[in-house]
Amino acid sequence: MDNCIFCKIAKGELPADIVYETADLLAFRDINPQAPTHVLLIPKKHFKFLDELQKDDKMLAGELLLAASEVAAKLGVAGGYKLLTNCGEEAGQVVPHLHFHLLAGKKFIP
Ligand code: 5GP
Ligand code: ZN
């Protein structure tokens, strides 16, 4: 999508510290980390947020979850991370391209 920063990162048009990549997914370090490990996991295809996923996207949805676990293992934080997505401005979403935050390396208040 034009003018979407995460689409531009996915296409290689903007730089990012990439930690994981498949044909459909990308994970890169957050520019303003809120924890020692703070990675953003995105589908390369543009969706505004989680609610835009349809039944046809079941495979992609599953790939995202499995990739989160794989990224955590790759970064050495398996079994000790938080995974979250902000769905909509009211939830604090700032970048309107579906992404999961993978956070680890500090104590989180439950
Ligand atoms: P949201 O609030 O939308 O859930 O999270 C957006 C996240 O994207 C924020 O944590 C912010 O620091 C990160 N971010 C915004 N712009 C960029 C960018 O250009 N590159 C990277 N790597 N992260 C970004
Ligand atoms: Zn996008």
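Colleague: What makes Phe28 count as buried?

Modeller: Relative accessibility there is 3%, and buried means under 20% relative accessible area, with exposed over 50% and partly exposed in between (1.4 Å probe, protein chains only). So Phe28 counts as buried. Bear in mind that this is a predicted model, where local features need pLDDT of at least 70, side-chain atom pairs count only at pLDDT 80 or more, and totals for chains, interfaces and linings use all residues. Housekeeping: residues are numbered from 1 along each chain as its sequence is written, chains are lettered from A and ligands numbered from 1 in the order in which they are written, and side-chain values use heavy atoms, with hydrogens and water left out.

Colleague: Is Phe6 buried or exposed?

Modeller: Phe6 is at 6% relative accessibility, so it counts as buried. Across 38 residues of chain, the C-alpha atoms of Phe6 and Lys44 are separated by 8.1 Å.

Colleague: On to the metal: which atoms coordinate the zinc ion (ligand 2)?

Modeller: SG of Cys4, SG of Cys7, ND1 of His46 and ND1 of His97, at 2.0 to 2.3 Å. Donors are N, O and S atoms within 2.8 Å of the metal (3.2 Å for Na, K and Ca), and water is not among the atoms, so sites may look incomplete.

Colleague: What do the angles make of the arrangement around the zinc ion (ligand 2)?

Modeller: The 4 donor atoms subtend 105 to 117°. Four donors count as tetrahedral if all angles lie between 85 and 135 degrees, so the zinc ion (ligand 2) has a tetrahedral arrangement. Along the chain the donors follow C-x2-C-x38-H-x50-H. Cys7 in helix H1 and His97 in the loop between strand S4 (82-84) and S5 are 90 residues apart, a pair that links distant parts of the chain.

Colleague: How accessible are Cys7 and His97?

Modeller: Cys7 comes out at 2%, so buried, and His97 at 0%, so buried. Cys4, in the segment before H1, has a relative accessible area of 6% and is therefore buried. Cys4 and Pro96 are 92 residues apart in sequence but 7.6 Å apart in space, C-alpha to C-alpha.

Colleague: What is Asn3 called at 69% relative accessibility?

Modeller: Exposed, because Asn3 has 69%. Asn3 lies in the segment before H1, and its phi is near 65°, a positive value in a residue other than glycine.

Colleague: And what about Tyr81 at 32% relative accessibility?

Modeller: At 32%, Tyr81 counts as partly exposed. Tyr81 is in the loop between helix H2 (58-74) and S4, and its C-alpha lies 4.6 Å from that of Ala104, 23 residues apart in sequence.

Colleague: Last one: which element gives the largest share of the lining of the largest pocket?

Modeller: H1, with 3 residues. By class the lining divides into 13 nonpolar, 7 polar and 3 charged residues, where Ala, Val, Leu, Ile, Met, Phe, Trp, Tyr, Cys and Pro count as nonpolar, Asp, Glu, Lys and Arg as charged, and the others, Gly among them, as polar.

Conventions: Helices (H or I, at least four residues) and strands (E, at least two) are DSSP runs, numbered from the N terminus. Four donors count as tetrahedral if all angles lie between 85 and 135 degrees; four count as square planar and six as octahedral if opposite donors are over 155 degrees apart and all others between 65 and 115; anything else is irregular.
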